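Student: I've got a protein model open and I'd like to go through it with you. Could we take it one question at a time?

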Amino acid sequence: MLKAIIFDLDGTLVHTDPIHYQIWEDILKNYGMELDLPFYKKHISGWTNEAIINEWLPQLSDSEVTEFANYKEAKFRENALDLQPLNGLLEFIKWIEDSQLEKG
């Protein structure tokens with residue numbers, strides 16, 4: 001019997017990387033940085049917003065980092081309204097429900 005199912009959002013439930021990439025590309029242009037996909041995958045994807053900002057924009061103060069990270073997440077939420085579940089996800093969730101997952 002199943003005891004727990006743990007999910008990561010990106011790439012498991014939905015594919016959000018293209019949205020994150022586009023937002024980072026747009027935002028970093030304001031700081032004179034050109035972003036391409038290989039750079040994004042190597043230096044940004046999978047990092048926290050704060051780690052990214054501190055690494056690539058070290059001139060920002062702690063409060064500016066927080067403001068920047070909040071702005072980036074707000075832009076993500078605006079652009080993520082039409083995300084769709086990955087193929088097979090809804091069927092998998094139904095299987096979980098049918099398996100009478102112990103709640104606790």
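Student: Which helix do Asp98 and Lys94 both lie in?

Tutor: Keep in mind as we go that this is a predicted model. Asp98 and Lys94 sit four residues apart, about one turn of the helix. The helix that holds both of them covers residues 89-98, and its name is α5.

Student: How far apart are the closest N and O atoms of Asp98 and Lys94?

Tutor: Side chains of opposite charge can pair when their charged atoms come close. For a salt bridge, the nitrogen has to be within 4 Å of the carboxyl oxygen. Asp98 and Lys94 do form one, and their closest N and O atoms are separated by 2.9 Å.

Student: Is Asp98 buried, partly exposed or exposed?

Tutor: Buried means under 20% relative accessible area and exposed means over 50%, with partly exposed in between. Asp98 has 48%, so this residue falls in the middle class. For Asp98, then, the word is partly exposed.

Student: Which residue does Lys75 meet in a salt bridge?

Tutor: Look in helix α4, residues 62-79, and go three residues from Lys75, about one turn of the helix. The N to O distance for this pair is 3.3 Å. The partner of Lys75 is Glu78.

Student: What is the relative accessibility of Glu78?

Tutor: Lys75 counts as partly exposed, at 25%. Glu78 is also partly exposed, a class that runs between the 20% and 50% cut-offs. The value for Glu78 is 48%.

Student: Glu73 and Lys72 meet in a salt bridge too. Is Lys72 buried or exposed?

Tutor: The side chains of Glu73 and Lys72 come to 3.3 Å, N to O. Glu73 is partly exposed at 25%. Lys72 has a relative accessible area of 1%, and under 20% means buried. So Lys72 is buried.

Student: How many salt bridges does the count come to?

Tutor: We've been through Asp98 with Lys94, Lys75 with Glu78 and Glu73 with Lys72. The count for the model comes to three.

Student: What is the accessible area of the nonpolar patch on the surface?

Tutor: Its members are Phe7, Leu90, Phe92, Ile93 and Trp95. Ile93 takes us back to helix α5, and this residue is partly exposed at 32%. Together, the five residues of the patch have about 460 Å².

Student: Moving on to pockets, how much space lies in the largest pocket?

Tutor: Let's get there through the lining of the largest pocket, which by class has five nonpolar, five polar and four charged residues. The space in this pocket is about 160 Å³. Of the 14 residues that line the pocket, those closest to its centre are Asp10, His20, Gly46, Trp47 and Lys72. So, back to the volume you asked for: about 160 Å³.

Student: Which helix gives the most to the lining of the largest pocket?

Tutor: Helices α1 (17-29), α3 (49-56) and α4 each supply at least two residues. His20 has its place in α1, and this residue counts as buried at 11%. With three residues in the lining, the top contributor is α1.

Student: What distance separates the C-alpha atoms of His20 and Tyr40?

Tutor: Along the chain, His20 and Tyr40 are 20 residues apart.

Definitions and conventions: Residues numbered from 1 in each chain as written. Predicted model: local features only at pLDDT ≥ 70, side-chain atom pairs only at ≥ 80, totals over all residues. Heavy atoms only, no water. Buried < 20%, exposed > 50% of the residue type's maximum accessible area, 1.4 Å probe, protein only. Patch = residues over 30% accessible without salt bridge, like charges linked within 9 Å, V, L, I, M, F, W, Y side chains within 5 Å. Areas by Shrake-Rupley, 256 points an atom, 1.4 Å probe, with all protein chains shown as cover. 1 Å grid on protein atoms, 1.4 Å probe; cavity = no way out; pocket = protein on both sides within 12 Å on 5 of 7 lines; lining within 4 Å. Points joined across faces, edges and corners; volume = space filled by probe spheres on them. Nonpolar A, V, L, I, M, F, W, Y, C, P; charged D, E, K, R; others polar.
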